[in-house]
Amino acid sequence: MRREHCHSVMVAGISQLIPVIFLTSEHWGCLTRFSEDVTENFVKDENCRSVEYGVNAIQMQLAFAFGVYATSSTLMRGDEYSARNITTLNMPRRQLCEVSILGLAALLGILLFGIRQEGETPRASRVWQTICYYAIYLLWFFFFASVIFTSVTRDETNRMTDATLEEKISDLSGSTLHMFGKGKKTQFRSSSEAGALEGDDEKLGVGGTMSLNPGFM
Amino acid sequence: MELQETTNTPARPPLRPAVSVKLVPLERCSYLWVFLLQLLIVATAVVAFSYFLGEDEHKLTMVYMTTTLTPFMLLAMGSIVSLCPKDTWVRLSSFILCELIFLCRSFIYFGMKNYPGAIGNLMFFGVYYLIYRAMEKLAACLPAKLNNDNESLNKFNCQTIPLTTTGSLMSMLYCASESFSCLLDEENHNDVENCADKINSNEGMLWFLTLSAFAKLYIIPHLEVQYSVADLLRFDLKNSREAVLVLLTAVVGLYTIFVYASSEKLHENFDHRTNTTTTKVVIMDGNETALRNTITKIVPFMIGLVPLVLNLSKNMIPRFRVMTRTTLRARIAPIYRWILELVALTITSLNVYYVFLVYTSTNIEQEVNKIEKWRILCWATNPLIWVVVTLHFFGTPTAQKRKENVMFFLFSMFFVLQTLGNFFQAKIDTERGETRLNSVFVNGFLALMVIPIYLMVNSSRKMLAKHHIDDIDAHLQRCLSLAISIVPPIIFLFAEPQSCVAYANNYKIEQCALLRESNYVVGGHLSYAFLFYVTFGYKLDSMTKGGLLSLQDMRFHTVCQLICLIISSTTCFIVYGMRNSELYAERVFNDESIGKLDEFLTSSSPFSMVADCWAVTLFTQLLHSRRMETEAKFHRRSVDDQKHSKMIHRFTSWVDQRTKKIIEKFHVNDDEARVATPIRVILFLMSISSGVLSLFVVCFSSQLGIQQIYRISHGMGSLRVFSVVSTFIFLFTHLSDTLVADKVIFLSMVVVFGADSYFEYKRRSAWEANIVFGVLASIAMLGILKLKKTTMKGTI
């Protein structure tokens with residue numbers, strides 16, 4: 001699992017780095033050309049601002065999207081964003097909002113990338129570009145906030161469910177408890193540790209032990 | 001005991017009830033999507049009708065905006081009909097609005113006294129009704145076509161339609177934003193007609209993207225057979241109508257790319273930076289504009305032909321289908337061979353004409369310029385001829401190769417003709433004489449290099465022919481897929497600088513050098529990659545992703561190839577990113593110095609770097625293949641003394657052994673969830689690069705030049721993203737342990753944001769915002785480090 005995730009992240013990362021290199025070089029090319037006209041230190045840049053906005057609008061979204069992908073195994077939310085779920089609106093409202101936010105950010109990014117140009121831009125379009133650029137940051141901030149909030153809430157709910165279940169089990173009679181592993185204290189874990197539990201189960205499965213099945217006791 | 005015996009008895013599998021898939025009710029979701037799509041149609045209508053209300057000076061802008069938005073409207077309409085085959089009112093209301101827009105467009109053109117445009121839109125008003133009826137019919141009969149299989153219908157409704165619409169919308173938005181960018185440009189604010197060609201060319205691409213979406217929604221699902229790459233390889237299509245349709249779509253696609261890439265402004269203003277004057281240069285005069293207009297208007301006409309072909313008889317030219325396809329395996333269809341031969345012949349004819357032109361011309365400036373334009377055009381076809389000749393040579397690996405040899409002869413003729421042309425041009429073109437003489441030597445060398453290249457591909461072809469027919473067929477299928485995916489970019493790269501060169505009457509051809517050379521580098525990279533894959537691709541099957549990342553599949557030649565591939569690809573992407581610059585054109589126009597960067601980019605150095613890398617890649621692979629072949633002979637013949645007779649094989653064998661020993665030290669065991677250390681070292685350096693660089697600038701700002709500080713301080717934003725992506729890769733490619741390096745990277749990121757705030761403070765900008773952003777980013781980074789710890793608890 002982890003090994004496969006490492007390899008997937010590496011391959012996906014390299015495919016993300018390629019456009020990032022292209023976009024970075026576009027911005028640096030513009031800066032290098034206009035740097036010859038610069039006469040004093042730490043001046044504001046008006047000539048490559050449009051290029052910077054256009055390039056960064058795509059770049060940072062690639063970085064953010066890759067960040068979400070790299071941590072997806074931990075968040076365990078990859079399967080919830082399927083095309084079918086999105087189309088049929090078969091997902092909670094918060095997730096629908098997340099998808100809408102991502103869609104809007106992608107549209108703004110493509111628009112900014114398309115209208116980029118070197119040289120000074122008119123004030124009106126510069127203002128619009130600045131607004132769109134920071135709007136992308138804001139949208140992604142909302143997305144991450146929502147993702148973290150959902151994960152925290154889910155962990156909290158799982159913990160509460162686990163606690164309730166443990167309480168119920170402790171109320172069971174001795175013979176029933178015996179069925180769940182000869183009175184050994186059962187460990188309940190949160191959903192974030194489910195991977196580890198699965199691993200343990202797999203190991204048990206390999207050995208052919210059937211002690212988990214109460215029918216064979 | 002009894003219980004055990006019972007368990008050992010094979011159990012009878014329980015009878016499962018047949019699983020019935022329910023049709024996903026689309027009412028709830030479709031209304032939302034339809035609402036959004038209708039919003040798009042309404043937006044187009046608002047822009048179109050505002051023509052009648054707006055001021056006179058903005059009317060043309062409204063016309064161009066409507067032109068750009070019309071394909072979006074049609075895409076929305078197509079998706080609506082597909083989404084709501086049962087909801088007549090929704091479809092009809094959208095349809096009526098679309099028809100009104102066409103009527104409005106017709107009035108607009110009539111008002112502008114553009115009568116062909118007005119008649120064309122009026123005609124489309126009627127044609128659109130037919131298209132709408134056809135769409136309705138096709139959408140209604142789709143369930144029957146899919147045998148009322150709910151699973152397939154769900155897949156079409158919930159995946160195919162939304163993904164097609166969204167994907168097309170994204171690509172179209174990029175095309176449209178280029179048009180909007182031209183309209184918003186201050187230079188064109190009071191002269192939007194300057195963008196006419198750009199808008200028309202982009203419109204062509206928008207129509208083509210709409211056509212692709214329509215094909216996915218209305219043509220492909222209704223085909224009698226769903227084709228695979230194997231069918232395409234043999235061009236084994238169900239009937240001659242489909243064969244014509246595929247060919248026509250391919251031609252339309254390539255033509256659209258050509259027109260889209262070669263769009264130009266009608267005139268350009270070049271600022272003189274020293275005496276602050278501006279020169280207005282006419283790029284296209286009246287005749288050229290009219291010709292270009294005709295070229296761009298052919299695109300919608302050709303696109304319109306595609307649905308018309310659908311109305312023709314299925315077996316309209318039965319002989320055509322028989323002639324173009326093959327039933328044999330392990331070979332490409334005759335139609336591809338004809339196309340490849342035609343392209344090679346055309347390229348050779350262009351070169352012959354170039355030599356003829358240069359041989360018969362005199363030393364007049366206009367003629368010299370014309371010859372230079374022809375030379376550039378012919379030389380730019382170089383990446384294409386590599387692809388064409390390679391694919392043709394490997395097209396029939398098990399058959400005789402007379403035609404293939406002729407094609408290789410044409411390939412060598414390309415360089416011979418270039419040598420001759422450059423030689424004659426050097427005599428008459430005094431200004432470019434020295435450069436042309438250099439080209440004579442380069443082309444002569446390349447003409448000689450065709451011989452070893454032929455020997456290499458020939459030996460590889462023989463080796464491929466010895467493989468099983470299934471392997472050959474699979475390799476050819478992969479080659480065809482690769483060719484289909486790289487030919488459009490090569491055409492784009494070829495066409496983009498050609499318009500700049502072709503219209504260079506009132507400005508210098510050298511102004512196009514940056515774009516031309518950069519595109520040539522990328523085109524060359526793609527064609528060499530294709531050559532490598534076609535020649536040796538069938539030997540790369542044994543390599544796996546896991547094996548490469550844990551260095552278990554690494555040999556000496558693989559290491560060389562990976563290094564060369566990284567250098568070559570990085571060079572290409574850097575060059576491609578820097579290829580467009582109005583400042584460069586202005587400097588050349590005003591005879592100012594162009595700067596070191598542009599000097600480097602317009603020189604032959606980037607291309608040499610890419611070509612050398614691919615030469616090493618091909619050479620190492622060839623040596624390895626030959627050595628492996630000899631070693632295989634040892635095994636087959638059970639030779640006791642397994643020593644290579646050739647010195648080069650003995651040497652490479654020794655190097656391979658040594659490399660293997662070194663690499664073994666970095667092998668990753670199967671119980672470790674990480675990639676190999678050398679790869680991670682590179683990732684670590686990439687991750688901390690922006691931190692180190694910004695720290696360096698902060699510490700040594702007094703010793704750095706003004707230009708260096710300007711570049712680094714402003715470029716840190718883009719470089720930071722590069723480091724962030726590298727950081728993510730670094731963190732999540734070692735899930736076995738927490739490392740000190742993780743914390744170093746975290747510190748590096750903090751340094752970057754700190755330095756950025758320092759730069760903003762120095763520029764008297766809003767540095768506080770940067771601090772806030774840095775703090776947020778640092779918190780996010782700490783969260784990610786925590787997430788990594790959680791991930792490490794998972795199974796290996």
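Author: Two residues are in contact if their C-beta atoms, placed from the backbone, lie within 7 Å. Here, 23 residues of domain 1 of chain B are in contact with 24 residues of domain 2 of chain B. By class, the domain 1 side of chain B that touches domain 2 of chain B has 14 nonpolar, 4 polar and 5 charged residues (Ala, Val, Leu, Ile, Met, Phe, Trp, Tyr, Cys and Pro count as nonpolar, Asp, Glu, Lys and Arg as charged, and the others, Gly among them, as polar).

Reader: What are the bounds of the domains of chain B?

Author: Domain bounds come from an automatic or database domain assignment. For chain B this gives domain 1 (27-320), domain 2 (326-664) and domain 3 (677-791).

Author: This is a predicted model, where local features need pLDDT of at least 70, side-chain atom pairs count only at pLDDT 80 or more, and totals for chains, interfaces and linings use all residues. Residues are numbered from 1 along each chain as its sequence is written, while chains are lettered from A and ligands numbered from 1 in the order in which they are written.

Reader: What is the average pLDDT of chain A?

Author: pLDDT is the predictor's confidence in each residue, from 0 to 100. Chain A averages 74, and 74% of the residues score at least 70. Over residues 182-217 of chain A the pLDDT is below 50. Where pLDDT is low, the predicted coordinates should not be read in detail.

Reader: With which residues is B:Met77 in contact, leaving aside neighbours within four places in sequence?

Author: B:Met77 contacts B:Ile41, B:Ser94, B:Phe95 and B:Cys98.
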